[in-house]
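Subject: Structure handover

Hello,

Here is the structure you are taking over. My notes on it follow below.

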Amino acid sequence: MSEPAKQVHLGAAFPGVNNHTVWSDPRSGSQIDFSSFHHLARTAERGKFDFFFLAEGLRLREHRGRIFDLDVVGRPDTLPVLSALAAVTDRIGLAGTVNATFNEPFELARQFATLDHLSGGRAAWNVVTSSDAFTGANFRRGGFLDHADRYTRAAEFVEVARELWDAWAPDAVAADPAAGVFVKDGSIAEVRHRGPKFDIAAHPTVPRSPQGHPVLIQAGNSGDGREFAAAIADAIYTIHAELAAGQAFYADIKGRLATYGRAPGDLKILPQATFVLGDTAEEARERARHIRRQQVSPQGAIAQLEQVWGRDLSGYDPDGPLPDVEPLADAVSITRGRARHHHDPLAVARHWRQVAEAKKLNIRDLVIELTGRHAFVGTPAQVADEINTYVQSDACDGFIISGHLTPTGLDEFVDTVIPELQERGVFRAEYHGTTLRDHLGLGPAPAPVR
């Protein structure tokens, strides 16, 4: 007897601060107005997505000393947006990226516990780190953290946050007017933590939340990042695009879980992907070509080339051949902030030259060819089949889906691809639980033993 098909998990990402968001399209809306967040979250909930996902940018990217305005779209603070969405949604999870380097455990644990209460158990924290002094300059300690210490701090941060979330017993609130007792004696533990990064003594102010602990998501592909995810994460946000690469990543991460007493189902692997749909495969491919040319403008292509070459290439024609000069191997990055980092620019340039020569590509077409995210392109049925193939082949447990338009980019996916997945029996027709842990099949966080 064959095993039942795995269920597909889906997150909906709000289009972020990068050139993949086609802000120049007349249909594109605001990245700031609450109506945009509201529309996308409600659309994803209509499609029975597991969660809405909001990224975070703590500093605007700069290129050659200037704000890189080709991809600056603005980004309000994550937690107020998710708190507002909790009031206008009912079931969908609310996941926010918040940096563990530039925050403190008591403050952040309190905020996410509050969001979990406000949403009825739908909060998730995407734990990210930074050793970037450029970003750190916005904060009082100004990029103090060494690269090697990122995950050391993050692991202890999560440890302290969990201690804070567990401080209130599940039945701490008696609210007994006859006895004059609101909180039972001894039901709120004092959290005393002394470690390499944090030293606190606290009585948390928020009762235990509906999920016990908000869902923890982690984004990171390094060896340290993978180990961190295996130890603490409920879901991991990845970038693996090809089926074989996804399968290798999946096997590696799932294989690490036993070390921490965890089962394979305790961690969901969710690559990011975008999509382009059409009535025929050829129509979808043509739409995809048009969208990519919107995403990579002529000046944007030169800027991305400069990130590899490490020098001013503004004199080159984006419709012409690659530069006849070599990259500056030891140059300080020409782009500061969120950007592509090339540890060996000479090797990258050699590869780019090989591709350009083999496919007869100019600069702009080469950048379009080599810098796109994983995209599902085809009819709704074809896209549903490809998504399901990845999941059933153990390349992932689902995807975090992002459209190229704000905020309506997900509408077509929900209207056409979701029914195809439901017809295949691999995606829910209705929510079966009330919390994000229910949606992900994780169960509640274990209550502390008193």
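Contact here means heavy atoms within 4.5 Å. The model is predicted, so local features need pLDDT of at least 70 and side-chain atom pairs count only at pLDDT 80 or more, while totals for chains, interfaces and linings use all residues. Residues are numbered from 1 along each chain as its sequence is written, and side-chain values use heavy atoms, with hydrogens and water left out.

Leu410 is a place to start. Not counting residues up to four places away in sequence, Leu410 touches Ala12, Leu40, Thr43, Ala44, Phe49, Phe275 and Ile401. Leu410 is also among the residues with the most contacts inside the largest nonpolar core, along with Leu10, Phe49, Phe52, Trp125 and Phe413. That core has 79 residues. A nonpolar core is a set of buried Ala, Val, Leu, Ile, Met, Phe, Trp, Tyr and Cys residues joined through side-chain atoms within 4.5 Å. Buried means under 20% relative accessible area, exposed means over 50%, and partly exposed lies in between (1.4 Å probe, protein chains only). Helix H5 (residues 150-165) gives the most to this core, with 8 residues. Helices (H or I, at least four residues) and strands (E, at least two) are DSSP runs, numbered from the N terminus. Another core, of 18 residues, lies apart from it and includes Trp309, Ala349, Trp352 and Ile363.

Next, strand S6 (residues 123-128). Of its 6 residues, 6 are buried. Ala123, Trp125 and Val127 point one way, and Ala124, Asn126 and Val128 point the other way. In a regular strand the side chains alternate between the two faces of the sheet.

Which strands pair with S6? Strand S5 (residues 93-99) runs parallel to S6 over 6 bridges, and Leu94 has Ala123 as its bridge partner. Strand S11 (residues 215-219) is also parallel to S6, with 4 bridges, and Val127 is partnered with Gln218. Two strands pair if DSSP finds at least two bridges between them.

Lastly, some backbone details. The peptide bond from Thr406 to Pro407 is cis, with omega near 0°. Pro407 sits in the loop between strand S16 (398-401) and helix H13 (411-423). Ala175, in strand S7 (residues 173-176), has a positive phi of about 45° although it is not a glycine. Asp394, in the loop between helix H12 (380-392) and S16, has a positive phi near 55°. Ala175 is partly exposed at 45% relative accessible area, and Asp394 is partly exposed at 35%.

Regards
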